[in-house]
Amino acid sequence: MAELGLRTIDKVMWRLLPFLMACYFVAFLDRVNVGFAHLQMSKSLGMSEAAFGFGAGVFFIGYFLLEVPSNIMMERVGARAWIARIMLSWGLVSTAFGFIPQLSSLTGLSPDMCFYLLRFLLGLCEAGLYPGVVFYLTRWFPSAYRARMIAFFMLAVPVSSVIGAPISGLLLNLHGLGMEGWQWMFILEGLPSVLLSTAVYFYLPDHPRHARWLRKDEIDWLDDKISQEQNLISKSAHSGFLKMMLDIRILMCSFANFSMQGATYSITLFLPALITQLGYSNTQTGFILAFPPFIGAIGMVLFSRHSDRTGERKFHVAAALLMLAVGIAGGALLQNPPVRLLFFTLANIGSVSLGPMLYPIPASFLSKGMVAAGIAVISSLGALGGFFGPYLFGYMKTLTGGPTTSLLLMAGLALSGALVAASLRVRKMPTGLVIASTETKLGNL
């Protein structure tokens, strides 16, 4: 039985996760490349820091509005069709950012307004991808593996930065056909999403029983393990959506996510500008910003492995948010550039490590039918932090003339999230399913 479990998990992991990681890689790149575009776009369009912060953050309003409906639709129509739709729509919208001056001229709207509308539309289009994939993984992996598997999937975030930051910096040097580097960056980084949408539809199975590459005994083992875990959930688990929405544990998880996203996206979107102010070129900035996510990826894997082995989630989440807070505060108060970069690296470790420990938590107290919605609620409410943080950051930076106050506010936001996460009342996840041979092999993730 141990050999069957190891073989099944191994097959599923290598069949699904690299592909899902590639999808999220291009999604995250399309979401945050606006930080590099800011180096040229704001001057080109005459946009203030506050206006950029609002435009960058309004993405999360659209994301919030459709996050839960998107996850519900995915459960109804199937993962492959819905994820393919998400990728096609956001790829087209992301590419459209490269044509903001032309769209402004065609519609009569100001460039600022075109930027706001496209960011809002991008949020609508991308809504549901991350929580949808997290829910999708709950159908394929028992809880003892989920934090690591989500961490494997989320490696796309730091990898997107490690690879994408230098590429974005280089693309800013492109000029031609009457367009500037920031326009070419949006166009060339948006098209891969469009191309991958077709591959999603033909590659992803909706459920283990649809996986022709699994044997019948492997499908039965997987269904049995996941069903056993659902039976461990208390009979008092939620049966209604409204009741789930008002559960204090869901709201506390949402705030932890809110504080992480508010702090993280503030520094992600404004950090390229902070680096160039130190005298580095766009290309050099791209390579410098590849360092923090590289180290962050290592920290995320170590965090998630330890969380899976112990079955403990909430204090791991709190520790990640505390690292984020300390890293941002150190980056704000210290003046030495290499030391500041090290503190921002610490912040990156905390930021990318949170998701793999946070999103398995709802499965420990929600009924099977509510897990998808619970994950989506945590993601959607948390996404509002992605609007609040960058807007407040940009506003305070304009008001004070520098980033220090803004960074300290974001550090305080992350710290408050850590305190809330540590106060969560949730049980440990089961660890008994992790057998020695599996631990040895999957421990390398």
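**Aromatic pairs and overall build of the predicted model**

The protein contains 19 aromatic pairs, where rings of Phe, Tyr and Trp (its six-membered ring) pair if their centres lie within 6.5 Å, and where planes under 30 degrees apart count as stacked, over 60 as edge-to-face and the rest as tilted. One of these pairs joins phenylalanine 59 and tyrosine 63, which are stacked, with 5.6 Å from centre to centre and 25° between the planes. The structure is a predicted model, in which local features need pLDDT of at least 70 and side-chain atom pairs count only at pLDDT 80 or more, whereas totals for chains, interfaces and linings use all residues. Residues are numbered from 1 along each chain as its sequence is written, and side-chain values use heavy atoms, with hydrogens and water left out.

Phenylalanine 59 and tyrosine 63 lie four residues apart in helix 3 (residues 49-77), and are therefore separated by about one helical turn; helices (H or I, at least four residues) and strands (E, at least two) are DSSP runs, numbered from the N terminus. Both phenylalanine 59 and tyrosine 63 are buried, where buried means under 20% relative accessible area, exposed over 50% and partly exposed in between (1.4 Å probe, protein chains only). The ring centres of tryptophan 182 and phenylalanine 186 are 6.2 Å apart and their planes stand at 90°, so this pair is edge-to-face. Tryptophan 182 and phenylalanine 186 are four residues apart in helix 10 (residues 181-203), about one helical turn, and both are buried. These two residues also belong to one aromatic cluster, whose members include Phe52, Phe97, Tyr116 and Phe387.

In the loop between helix 9 (156-171) and helix 10 lies leucine 177, which has a positive phi of about 55° although it is not a glycine. Leucine 177 is exposed, with a relative accessible area of 79%.

As a whole, the protein has 20 helices and zero strands. Its radius of gyration, taken over C-alpha atoms, is 21 Å, close to the 22 Å that the globule rule (2.2 Å times the number of residues to the power 0.38) gives for 445 residues, so the protein is as compact as a globular protein of that length. The C-alpha trace spans about 60 × 45 × 40 Å along its principal axes, and 61% of the 445 residues count as buried. Among contacts (heavy atoms within 4.5 Å) with a separation of 6 or more, 83% are accounted for by residues 24 or more positions apart.
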